[in-house]
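Open the model and turn it slowly. We will walk through its strands first, then a pair of helices.

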Amino acid sequence: MVDLKVSFAGSKPPLGGWLPAVSLTDRQAAILNAAADELIPGGDGFPAPSEVDVLSFVTRYVTPSGQEPKWFPFLGEDDFKARLDKLGEGFVRASSTQRVAVLGGLERDEPEFFGHLRDVVYYAYYSRPEVVHAMNRVLRAARDYRTSPLPYGYSDVMADWDDELLGRVRGSYQRTADVRRVDVPAHLGKAGV
Amino acid sequence: MPYTRKPDPVDAIVVGLGATGGTAAKVLSEAGMKVVGFDRGPWLRAQDHYSGDELKFINRNYLWPDPKLFPRTLRHDEDSVAEVFPFSPTPQLVGGGTNHWAGWVPRPRESDFIQRSLHGDLDGANLADWPIRYEHLEPYLTKVEWEFGVSGIAGADKYEPFRSKGYPSQPLRPTRFGKRFYDACNKLGINGFPIPHAMVTNRHKGRDPFNTTSFWNQYGDPSTARSNTLTTFIPEAVATGNFELRPESFVREIKVGKDGRATGVVYIDPDGNEVQQDAEVVILSLGAIESARLMLMSKSPQFPDGLGNSSGQVGKNATFHEYLFAVGLFDQEIDDPLYGWTGNYISGGSFEFYETDESRGHIGGSLISASQTCHPINMVFPGRPTWGEGMKDADRNYFSFAMKIGLILHDMPVESNRVDLDPTVKDAWGLPVARITHKPHPNDVAMGKWQVDKNAEILQAAGARKTIPVYLQRMTGNTCHQHGTARMGTDPAKTVLNEWCQSHDVDNLFVVDGACFPTSTGVNPTLAMMANAWRCSEYIAEVYAKGREEHLKVG
């Protein structure tokens with residue numbers, strides 16, 4: 001039976017994620033923060049993810065219970081919470097080396113879930129104003145990076161034309177009838193698909 | 001079959017309102033024809049819906065088809081089972097691919113129209129000459145450039161074919177990585193030039209000049225600096241009073257009368273009702289994959305193998321422009337930042353390697369161009385660690401110290417590379433999805449390898465400390481460029497359309513998208529597609545609709 005009621009309506013993800021966001025227990029929040037801190041280590045002038053509230057971003061993008069997690073980051077509430085619970089309190093208390101080992105195991109054994117978690121943490125972290133400011137402050141190449149494009153964009157860091165370069169070139173034209181035939185290289189002439 | 005509604009008939013129906021459908025809508029409605037246009041996607045408004053949001057546009061399919069609603073399948077040879085795969089997706093909304101494109105609009109070359117004359121039979125391939133020549137398309141290339149406000153500089157590309165007029169807009173300023181490309185080209189004796197862009201750099205037809213943010217390629221443009229049919233041709237068509245746009249309307253069949261001529265289409269409206277719209281002329285512009293699919297789905301007693309398919313060629317000879325590249329990583333201790341998040345996605349290109357050179361061991365060639373590696377959060381390069389200290393170091397070392405030089409693979413047409421109807425996978429409407437079968441021709445592999453290596457050489461000349469080549473393995477659909485599934489030509493036994501993109505079998509059916517391209521060219525095809533759609537639409541309005549017939553002569 002063909003469902004003729006199908007249309008684009010409802011086929012797009014909610015912009016800005018879901019509100020209200022999925023709520024985590026204190027322990028689940030601590031586990032998520034600990035994982036985020038290993039996925040993107042702070043230091044060298046950069047804050048740790050747990051210091052810039054990656055949680056509020058991630059929980060908006062986890063699909064609420066009862067709906068299919070069909071859009072990036074493809075994480076559903078029930079499964080997401082169950083996986084955090086599985087990492088457990090021990091993950092929070094573990095050393096950084098131990099946590100990295102656990103995450104490495106997760107990456108190896110459950111690459112799909114690990115990839116989704118990693119990607120959403122990445123987005124959460126680099127959307128924080130504190131992180132953009134750190135990039136401006138610490139990285140020479142990012143001192144001009146802005147959180148949003150400005151009316152004049154990045155005109156100030158664009159290059160100028162080298163007039164000499166453009167002045168040297170001249171267009172040409174040959175009629176189609178004058179285009180020369182070229183033989184097919186022998187090895188291709190014998191090749192099959 | 002009774003339909004929920006049957007609106008009054010019109011002169012022409014345009015199915016798919018992207019680059020070519022938008023062009024057809026403009027030309028036909030401005031010529032005074034009553035036109036209805038369908039798009040299965042929504043009609044978004046740039047100022048309300050578009051921005052530089054990486055998450056929204058890069059990761060969450062805002063412009064792209066939902067794979068659950070619109071799947072496709074792919075197999076790499078005829079003996080394999082096809083699997084659901086997002087092959088060559090294009091944005092599905094009014095404006096189509098021009099909503100997301102970087103807007104590079106170089107012209108095709110004279111040789112693109114005569115590949116078979118130039119090379120004869122290439123074993124395993126199905127090379128063909130076009131039934132038109134560059135000279136036939138040139139006036140329309142100029143029309144699109146001037147309507148769109150294309151930026152460029154005539155003569156900067158020393159291999160550029162004849163042009164009857166310069167560009168209406170000055171070239172985009174070079175990005176920092178573009179400057180590196182030009183410098184390297186100069187060092188190596190290669191002609192580098194600013195690739196023409198569908199972006200206005202001075203005020204054009206009420207539109208403001210380009211903002212150098214770079215959040216354009218893959219994004220919806222909230223300004224109107226980047227030309228797309230959503231903000232140019234579609235509003236112009238609507239303004240004539242002759243064009244009615246029906247978004248979120250999925251055309252599932254082209255109807256045929258007892259005389260074998262198309263009578264109109266059946267579509268599903270946004271409320272889920274089946275509606276029949278009749279017209280004198282039906283024009284397809286859904287892209288080469290979906291146009292072929294719609295023709296194959298439109299079976300009737302007169303056309304049991306699909307509409308306009310008496311030759312059996314609908315869907316065959318499908319070609320795609322797999323995008324290949326070499327990445328260059330620069331040393332932040334030595335080099336200045338490349339500022340990859342500023343300016344346009346690409347900056348600088350070359351046709352130096354476009355024409356056949358026997359010494360390279362393959363025929364044909366491609367346009368090459370310098371580009372960003374990606375935007376900040378989605379920055380990628382092969383082999384980059386994806387988390388932990390390794391990722392942090394890679395990002396901080398290479399953020400703004402990476403660029404790539406890519407190429408548009410000139411895919412050789414092969415008859416068995418094709419689009420047909422998947423026997424098992426259905427879309428959300430219960431209709432068979434497009435199944436793509438594609439195995440690269442040996443020439444594709446050889447061409448890709450040679451050019452990627454050459455691009456790596458240019459990157460080294462630009463000062464890259466390390467280069468990472470990405471060669472062709474299989475066709476992944478890493479491109480929106482689709483061609484060939486309804487070739488135009490003079491022989492009805494071997495081609496689907498004539499030189500006006502008119503079906504040999506059904507005289508009031510036209511296919512004006514890239515499906516008509518007999519060969520794929522090695523250059524971004526959208527400008528040529530739009531010019532060709534303009535040419536054919538002009539023919540429909542000025543000749544065909546007046547009951548006449550004309551044929552081109554090619555020497």
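Which residue stands opposite V511(B) in β18(B)? L284(B) does. This is a predicted model, in which local features need pLDDT of at least 70 and side-chain atom pairs count only at pLDDT 80 or more, while totals for chains, interfaces and linings use all residues. Residues are numbered from 1 along each chain as its sequence is written, chains are lettered from A and ligands numbered from 1 in the order in which they are written, and side-chain values use heavy atoms, without hydrogens and water.

Start with strand β8 (residues 274–284) of chain B. Helices (H or I, at least four residues) and strands (E, at least two) are DSSP runs, numbered from the N terminus. Of the 11 residues in β8(B), 10 are buried. Buried means under 20% relative accessible area, exposed over 50%, and partly exposed in between (1.4 Å probe, protein chains only).

Now look at the partners of β8(B). Two strands pair if DSSP finds at least two bridges between them. Strand β1 (residues 10–15) of chain B runs parallel to β8(B), joined by 5 bridges. Here I13(B) has V282(B) as its bridge partner. Strand β7 (residues 262–268) of chain B runs antiparallel to β8(B), also with 5 bridges. Y267(B) stands opposite V275(B) there. The hairpin of β7(B) and β8(B) has 5 residues between the strands, and G272(B) takes a positive phi near 90° in it. Strand β18 (residues 509–511) of chain B pairs with β8(B) in the parallel sense, over 3 bridges.

Next comes an open sheet. Its 5 strands follow the order β11-β12-β13-β10-β16 (chain B), with antiparallel pairing. The edge strands, β11 (346–350) and β16 (466–470) of chain B, each pair on one side only. Inside the sheet, β12 (residues 368–371) and β13 (residues 402–408) of chain B share 4 bridges. I368(B) stands opposite L407(B) in β13(B).

Finally, cross between chains. Helix α5 (residues 111–126) of chain A and helix α9 (residues 388–398) of chain B have axes that come within 14 Å and cross at roughly 50°. Axes are lines fitted to C-alpha atoms, for helices over the stretch in contact, and angles run from 0 to 180 degrees between N-to-C directions. The angle makes α5(A) oblique to α9(B). Angles under 35 degrees count as roughly parallel, over 145 as roughly antiparallel, 65 to 115 as roughly perpendicular and the rest as oblique. Contact (heavy atoms within 4.5 Å) is made by Y122(A), Y125(A) and Y126(A) on α5(A), and by M391(B), D395(B) and R396(B) on α9(B).
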